[in-house]
Amino acid sequence: MISHDFFMMGRRKKSKPGRRPVLLFWLTVVVLAIPNIALCVTEQMTLAANVTNVLLPVSVVWLLMTLSRRPGKITLLLSPLLFIAAFQLVLLYLFGHSIIAVDMFLNIVTTNPGEAFELLNNLLPAIAIVVVLYIPILVMAIISLRRKDLLPSEFVGRQRRMALIAVAVGVASLGVTYAVDREYRAKIQLYPVNVGYNLVLAVERTKATADYFKTSSAFRFNAKPTHPDNAREVYVLVIGETARACSFGLYGYGRETTPLLERNRNVVTFTNVFTQSNTTHKSVPMLMSAASAQDHHRIYREKGIITAFKEAGFHTVFISNQLPNHSFIDFFGKEADEWVFIKEKATEKDNVADSDMLPMVKSVLDKGRNKELIVLHTYGSHFNYRERYPASDAVFKPDDASEAKFSNRASLVNAYDNSIRSTDRFLHDVITLLDRTEVMSAMLYTSDHGENIFDDGRRLFLHASPAPSIYELYVPFIIWTSDTYRRNYAQEANALLINRHKSVTNSESAFHTMLGLAGIETPVRNDSLSVASRKFRPSDRMYLDDHDEPVPVNKILRDKQDFVLMRKIEAGK
């Protein structure tokens, strides 16, 4: 009896190690399959594409797990896929759709740590889910490897045969998908192949950006001034951050978010303006150059608007309330005679306000130079909204909740609206400084992109989704001109009024409008894109997609809510 019990105990002890590696084997296959299954729900694909996007990747992972009897070893080798899967799930939590895009990778290297921490700190539910799903697998793999757990030989052989059959069926399914779906491309739609492809593109784009100084060194605008040399004039380009037009009182919003601008009779509001990108690192460089979605690659060989003004004899200043990030924003900004990133001298705990740029603007104006261009890059309404204005300026309350969840929407909207009021005050103060000079002057303000704030049943939040919503694309575009400017250049001032309700793309028009206002001639200038010209003609609305290709806005928008709002915007409602 004793010997029998001892024998059975030995059997039980030997069976446990067999169960542990088998469990790790299947858990790895299952957790890596979760993004594929989720994407079938979130992405708008055909049934054939959905079948392929689950069957083929999962069967390949299944086959890879049979390459060794030590599952801990294979699981750790697949850890990059685990990290990608975790990233993908956080992305789906945040945007509700889309795979990890090229711009997502570029955002990682162009976003400062403070911004990243603000966002991650408010995505705790998504991070918690990822931790529960993926960290235990890695821990189990490490323990399994240290214990030298082995899968039974017969189990590995059987699973390998079954996985090979599944892979063959998956490949056949891929062929069927290509046959029935003419728009299907594995490198675009098959996860995680598409993520790998996007990573390669991100690396290529990063290298092209790093080579900018070589590829643009010979470029010249051949710019010439047309305004009288003895006439003093000042032009200011203010580039906003994450400001959506539908939250501006000037655009019919029900709250008084822009009371100061609304009272200024010299402000012209353009009511039907879209951006061509919902990411800062792409939108701002287009605002500062002649590049647009239709010909974006020229950005690698041409210089920015500051150089055009310099060639025309202007003194130029670039002031930014964002940290430098080795992007085109830095490159174009540093073409100025004077440039400063005011956050560089601040500690991470300092909340540097856009208003901190005003003393610098005043100092520049006090120099009394004959020809002056000032470019201001603000921090505007970037999340966390509550950090964009002092507590004493909070008009809409409560405004203290910042966690990214739908139940906090009322507080998030209050904080966002307070940040728009702060932008209103900032622009009013810039105009006041210009007005006091009593010289010919003009200011153009627009934002790089808009923002989602859980606005409808989709519950979208923030921006930079590869498939944007209308809230990310509809942006303010505001031009102020001094009395002196309107007297001397009535034709341009009247053109602003004529064009204010037409369809405008700020990514195309900002560059050419600034040149037109300042009377700078160059072969690059295109008056059909300048709202300061009677030659202005609305162009097709385009969006610069994740692969830097122009796509019509009506094809990039996904949902009926977007089209309903777009029709209202175009109808002026």
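The predictor attaches to each residue a confidence called pLDDT, which runs from 0 to 100. This is a predicted model, and across the protein the pLDDT averages 91, with 93% of the residues scoring at least 70. Begin by selecting residues 1–17, where pLDDT stays under 50 and where the model has 2 contacts beyond four places in sequence.

Next, select strand β11, which covers residues 477–481. Are its residues buried or exposed? Of the 5 residues, 5 are buried, so the strand is largely enclosed by the rest of the structure. In a regular strand the side chains alternate between the two faces of the sheet. Show the side chains of β11 and you will find F477, I479 and T481 pointing one way, whereas I478 and W480 point the other way, and all are buried.

Strand β3, residues 267–269, pairs with β11 in the antiparallel sense over 3 bridges, and here V268 stands opposite I479 of β11. Strand β8, residues 440–447, also runs antiparallel to β11, and 5 bridges join the two; look for T446, whose bridge partner in β11 is F477.

Then step on to E438, which follows α17 and has a positive phi, near 55°.

Notes:
Residues are numbered from 1 along each chain as its sequence is written. This is a predicted model: local features need pLDDT of at least 70, side-chain atom pairs count only at pLDDT 80 or more; totals for chains, interfaces and linings use all residues. Side-chain values use heavy atoms; hydrogens and water are left out. Contact means heavy atoms within 4.5 Å. Buried means under 20% relative accessible area, exposed over 50%, partly exposed in between (1.4 Å probe, protein chains only). Helices (H or I, at least four residues) and strands (E, at least two) are DSSP runs, numbered from the N terminus. Two strands pair if DSSP finds at least two bridges between them.
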